[in-house]
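Here is a brief report on one protein model. Please keep the sequence and the 3D view open as you read.

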Amino acid sequence: MPNGVSYYTLDRIEHSEYDDTQPYVVPPGHFFMMGDNRDNSLDSRVPPASGGVGYVPFENIIGRAEIIFFSVGDGTRAWQVWRWPGSLRGSRLFTIVR
């Protein structure tokens, strides 16, 4: 990043189309929503026509997330309850976000 700060992200697909992009220009009155940093997040990087959310208009924002309620590890879908014992991330359950 320009200020020298770096962040760890889970890179499931090397050289995916969202690994290295041009800067996004968010229109006035809209917000950029970032997913969970995985290669398959359908967040503001992905336009609605391609299944993503695109830029979110201000009037669609009704609150803020404050608690991580449930979290499973990479490769496990939330509906795969039989995989929870080995993939549930207990340290993230009910985490207060400030």
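## Nonpolar patch

I67, F69, F70, L88, F94 and I96 form a nonpolar surface patch of about 600 Å². Patches here are built from residues with over 30% relative accessible area and no salt bridge; nonpolar side chains (Val, Leu, Ile, Met, Phe, Trp, Tyr) are joined within 5 Å, like charges within 9 Å. Accessible areas come from the Shrake-Rupley method with a 1.4 Å probe, and for residues only the protein chains shown count as cover.

One of the patch members is F94. F94 sits in the loop between α1 (84–87) and β4 (95–96). Helices (H or I, at least four residues) and strands (E, at least two) are DSSP runs, numbered from the N terminus. F94 has a relative accessible area of 52%, so it is exposed. The classes are buried (under 20% relative accessible area), exposed (over 50%) and partly exposed (in between), with a 1.4 Å probe and protein chains only.

## Model and confidence

This is a predicted model: local features need pLDDT of at least 70, side-chain atom pairs count only at pLDDT 80 or more, and totals for chains, interfaces and linings use all residues. Residues are numbered from 1 along each chain as its sequence is written, and side-chain values use heavy atoms, with hydrogens and water left out.

The pLDDT is the predictor's confidence in each residue, from 0 to 100. The protein averages 83, and 96% of the residues score at least 70. Among its elements, strand β1 (residues 30–31) has the highest mean pLDDT, 96. Strand β3 (residues 67–68) has the lowest, 80. Where pLDDT is low, the predicted coordinates should not be read in detail.

## Negative patch

D11, E14, D19 and D20 make up a negative surface patch. Asp and Glu count as negative, Lys and Arg as positive; His and the chain ends are not counted. The place of a charge is taken as CG of Asp, CD of Glu, NZ of Lys or CZ of Arg.

D20 lies in the segment before β1. Its relative accessibility is 71%, so D20 counts as exposed.

R12 is also placed in the segment before β1. R12 is partly exposed, at 39%.

## The salt bridge

How many salt bridges does a search of the whole structure find? The search finds 1. A salt bridge is a side-chain nitrogen of Lys or Arg within 4 Å of a carboxyl oxygen of Asp or Glu. R45 pairs with D43, and their closest N and O atoms are 2.9 Å apart. Side chains of opposite charge can pair when their charged atoms come close.

Are R45 and D43 buried or exposed? R45 is buried, at 11% relative accessibility. D43 is buried too, at 4%.

## Loop positions

M34 is in the loop between β1 and β2. M34 is partly exposed, with a relative accessible area of 42%. M34 and R45 are 11 residues apart in sequence, and their C-alpha atoms are 7.6 Å apart.

P48 is placed in the loop between β1 and β2. P48 is exposed, at 58%. P48 and I68 are 20 residues apart in sequence but 26 Å apart in space, C-alpha to C-alpha.

R64 lies in the loop between β2 (56–57) and β3. R64 is exposed, at 53%. The C-alpha atoms of R64 and F32 are separated by 14 Å, and the two residues are 32 apart along the chain.
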